[in-house]
Amino acid sequence: MTEQTRKTSRWTIWLPLALFAAFVVLVLIGLFRPAGRDVASTLIGKPLPAFDLPPALPERPGLASTAFGKGQPRLLNIFASWCIPCRVEAPQLDRLKRMGVPIDAISVRDRPEDLRGFLAQNGDPFQSIGADDDGKVQLALGSSGVPETYVIDGKGTIRYQHIGEIRPEHLPLILEKLKEAGR
Amino acid sequence: MIAEFGLAALWLAAALAALQLIAGALALTPRGAALAGVVRPVAVVQGLLALAAFGALILVFAETDLSVKLVAMNSHSMKPLIFKIAGAWGNHEGSMLLWVTVMGMAGGFVALVEKRLPEPTMLATLAGQAFVSLGFYAFLLIASNPFERLSPAPPEGNGLNPLLQDLGLAFHPPTLYLGYVGLSVAFSFAIGALVTRQVGPAFARAMRPWVLAAWIFLTVGITAGSYWAYYELGWGGWWFWDPVENASLMPWLAATALLHSCGVLAARNALRAWTVMLGVVAFSMSMIGTFLVRSGILTSVHAFAVDPERGSFILALLAINIGGALTLFGLRAATVTEGERFRPVSREGALVLNNVMLSAILGIVLFGTLYPLLAEAMGAKVSVGPPYFNPMSAIFFVPMLVVLAVGPLLRWRRDTFARVRKRLALPLLAVLAGIAIVLAIGDVAVLPFLGLVLAAGLAVASVLPLRDRNLRRTPLPVWGMVLAHFGIAVALFGMASESAFSVEKLVAVRTGETTRVGPWAIRLMAVEPVAGPNWTALEAQMLARYQDGRGTELRPQSRSFWTPPQQTSESALLTRWNGQLYAVLGGEATDGRWQLRLWWKPFVPMIWLGGLLIALGGVLALAGRTASDIRRLVARDKIAYRRTRQGR
């Protein structure tokens with residue numbers, strides 16, 4: 001067209017590739033960045049949404065929201081056998097169980113055979129496990145990833161949402177939240 | 001058996017895609033020339049095999065073969081047959097299979113009919129198509145096998161989600177897919193042209209029908225999707241700038257730009273490098289959009305929503321395909337000789353402006369869609385909505401409308417404004433009349449005001465290219481252009497009117513009471529429970545009277561499903577020529593009154609009517625171009641036939 005566009009064309013032809021590379025880098029950062037822990041869920045203080053999930057393992061009971069709110073605070077853990085941080089979290093859940101904390105779980109997009117392997121390898125602190133095959137209940141709980149853990153009080157109200165794995169240093173926090181929920 | 005047959009067909013198709021790629025590439029070298037004859041037939045058979053695999057998947061879904069894992073997870077023996085069939089592509093694996101099927105069929109069709117391009121360019125194009133397909137075949141076979149068996153087979157499937165049992169939802173995704181994947185052909189043509197350095201009018205003419213067809217499907221898909229969201233979600237809104245919507249809008253914007261630059265390249269041999277670039281960008285936008293939606297990366301960051309294996313796989317595919325194409329472009333673009341020159345004031349100049357504006361809007365939408373990801377990488381959580389998208393895209397959309405009004409009146413190569421000034425008097429008059437009318441009506445915000453006024457001017461300007469023409473001899477593509485541009489005016493009028501004049505009312509009324517919204521008087525007659533096959537609902541019976549005329553009954557529902565437990569509101573719509581009444585039944589208040597949400601939306605159906613007119617314009621243009629292509633082919637064959645006879 002004009003002289004000027006001709007001169008600039010040498011670097012502009014690489015511009016799309018540069019932009020695309022930036023996009024890929026951005027997505028990669030997004031993928032491998034650990035979860036932000038500063039998100040306060042809007043569901044805190046609200047009653048647990050109603051759900052009724054089929055058993056994740058045929059030999060075990062499924063999980064319905066009616067299991068909560070029976071006077072005792074409980075933990076609700078959202079996990080999946082394909083989730084690596086969930087393995088990191090397993091010993092902490094085991095310790096909580098040995099302290100007498102009742103824990104239920106929702107396994108997201110899982111297969112029974114994978115789940116069995118996961119529990120055999122990492123321990124099984126759960127009373128019931130519901131299968132959320134399309135992530136609908138997870139979404140209804142305001143959870144966008146795995147693992148996440150909820151503290152539900154004796155009236156069935158969500159008191160705390162822990163995003164990401166429970167690390168050993170988080171245990172006092174979880175116990176504190178459970179104590180608050182028990183009051 | 002059917003599942004194994006499907007899987008075998010899929011493997012064979014993948015093998016043939018590999019053969020198509022290798023033979024196509026080798027045939028471009030002097031020593032491999034003997035392989036050239038193989039490529040076209042292989043492309044056809046590859047497409048047919050992919051179709052066979054997809055057919056097998058539809059069969060296992062139709063007969064609800066629960067030993068196939070995908071069926072067990074996504075279907076149910078109680079589903080109506082049509083939704084069983086639609087279930088085949090209503091999930092991740094099936095939709096990817098649909099994707100490769102459409103790609104394979106499109107490649108096979110190109111191989112059968114495209115005879116205008118030089119043979120090396122065709123070989124490179126088909127090899128390019130095979131390369132992209134091969135990636136998706138690998139993805140299917142390695143990471144998302146749709147035919148995987150489940151042992152033991154469960155007694156019943158778990159996919160009876162009633163929300164998805166909606167005809168619009170069943171056929172909306174495949175329509176968009178046809179559009180997305182149709183652009184893959186443009187992408188492959190661009191690769192072929194770059195590899196063989198054959199960027200010219202023949203390339204543009206070969207590519208144009210594909211772009212046009214894909215663009216028609218995208219237009220219809222977006223229009224239908226918007227209407228679905230409008231009536232199903234119960235919010236009364238028709239566009240939410242949601243990532244899923246943006247994912248379909250971005251390829252449409254790129255395809256629209258490509259369509260126009262293709263026209264310049266075909267007619268005037270100008271904008272060569274730019275058109276090739278857009279050919280690459282349009283399909284890239286389809287892939288990026290699909291990736292963003294399918295991976296779930298925009299809604300969830302700390303674990304891939306689908307699962308990490310698949311997400312990384314698609315990202316790798318994207319990086320290879322798009323990165324590779326853009327690298328090839330960078331290497332070859334400098335050697336693509338410049339096309340014909342033209343003055344800024346000319347048809348070409350206007351089309352360049354149109355392309356710049358469309359690309360700018362594309363950039364804005366892409367940036368807005370990715371911004372939450374960018375912000376999160378910096379440590380902040382944000383969501384981007386209409387306050388960003390509306391004004392930002394308007395900055396470019398408004399001048400684009402002006403170009404759209406003036407451009408078609410300009411001559412190719414060089415022109416002057418003085419010549420077209422007189423013709424623009426009529427649209428200007430319409431704009432002035434529009435300003436007067438809107439001011440008389442009253443308080444209207446800036447953007448809807450601009451929209452209303454410009455729609456008036458554009459509606460008049462869009463039919464001006466038909467002046468001084470013999471209407472009977474006007475070619476179909478010109479009719480198509482006029483209709484599509486007029487459709488934009490219609491849709492714009494609907495959008496602006498909805499935004500400027502909608503009346504909303506949230507009330508609590510007892511049965512027997514009457515409430516008013518806009519020109520309507522609505523009486524709540526009764527609220528009664530009704531039961532459906534897998535839901536129960538409270539249904540309101542209302543009598544709506546327009547300006548106290550005869551009453552029409554409206555029955556909005558508040559539905560509760562129990563598998564899975566979910567509440568939906570089924571809005572009730574009443575359409576008149578000048579707008580739509582939209583009613584939603586809310587909950588019951590403690591004192592026995594019912595919450596109603598009512599909207600009167602003047603001229604809102606124009607939005608989708610305009611969308612359909614735009615698509616219809618595309619259909620006319622495609623029909624006209626195809627007819628003249630066929631005529632040209634027949635004429636050439638006749639000449640060739642005569643020559644051979646004379647030779648004898």
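## Helix packing in chain B: worked exercises

Helix H2 (residues 36–62) of chain B packs against helix H5 (residues 92–113) of chain B at an angle of about 150°, and their axes lie 7 Å apart. The model is predicted.

**Exercise 1.** Classify the relative direction of H2(B) and H5(B), then describe the contact by residue class.

*Solution.* 
- Step 1. Take the angle of about 150°.
- Step 2. Angles over 145 degrees count as roughly antiparallel, so H2(B) and H5(B) are roughly antiparallel to each other.
- Step 3. Find the residues. H2(B) contributes, among them, B:Ala43, B:Gly47, B:Ala50 and B:Phe54. From H5(B) come residues including B:Gly94, B:Leu97, B:Gly104 and B:Gly108.
- Step 4. Sort by class: the contact has 14 nonpolar, 7 polar and 1 charged residues.

**Exercise 2.** Is B:Leu16 buried or exposed? Which residues does it contact beyond its neighbours within four places in sequence?

*Solution.* 
- Step 1. Count 26 other C-beta atoms within 10 Å of B:Leu16. The cut-off for buried is 20 or more, so B:Leu16 is buried.
- Step 2. Setting those sequence neighbours aside, B:Leu16 contacts B:Val42, B:Val45, B:Gln46 and B:Leu49.

**Exercise 3.** Compare the span of H9(B) with the expected one, and explain why it is called largely enclosed.

*Solution.* 
- Step 1. H9 (residues 243–268) of chain B has 26 residues.
- Step 2. First to last C-alpha, H9(B) reaches 37 Å, close to the expected 38 Å.
- Step 3. Of the 26 residues, 21 are buried, so H9(B) is largely enclosed by the rest of the structure.
- Step 4. Just after H9(B), B:Asn269 takes a positive phi of about 55°.

Note on methods
Residues numbered from 1 in each chain as written. Chains lettered and ligands numbered in written order. Predicted model: local features only at pLDDT ≥ 70, side-chain atom pairs only at ≥ 80, totals over all residues. Helix = DSSP H or I, 4+ residues; strand = E, 2+ residues; numbered from the N terminus. Expected span 1.5 Å × (residues − 1). Buried ≥ 20, exposed ≤ 12 C-beta atoms within 10 Å, placed from the backbone. Axes fitted to C-alpha atoms, helices over the stretch in contact; angles between N-to-C directions. Parallel < 35°, antiparallel > 145°, perpendicular 65-115°, else oblique. Contact = placed C-beta atoms within 7 Å. Nonpolar A, V, L, I, M, F, W, Y, C, P; charged D, E, K, R; others polar.
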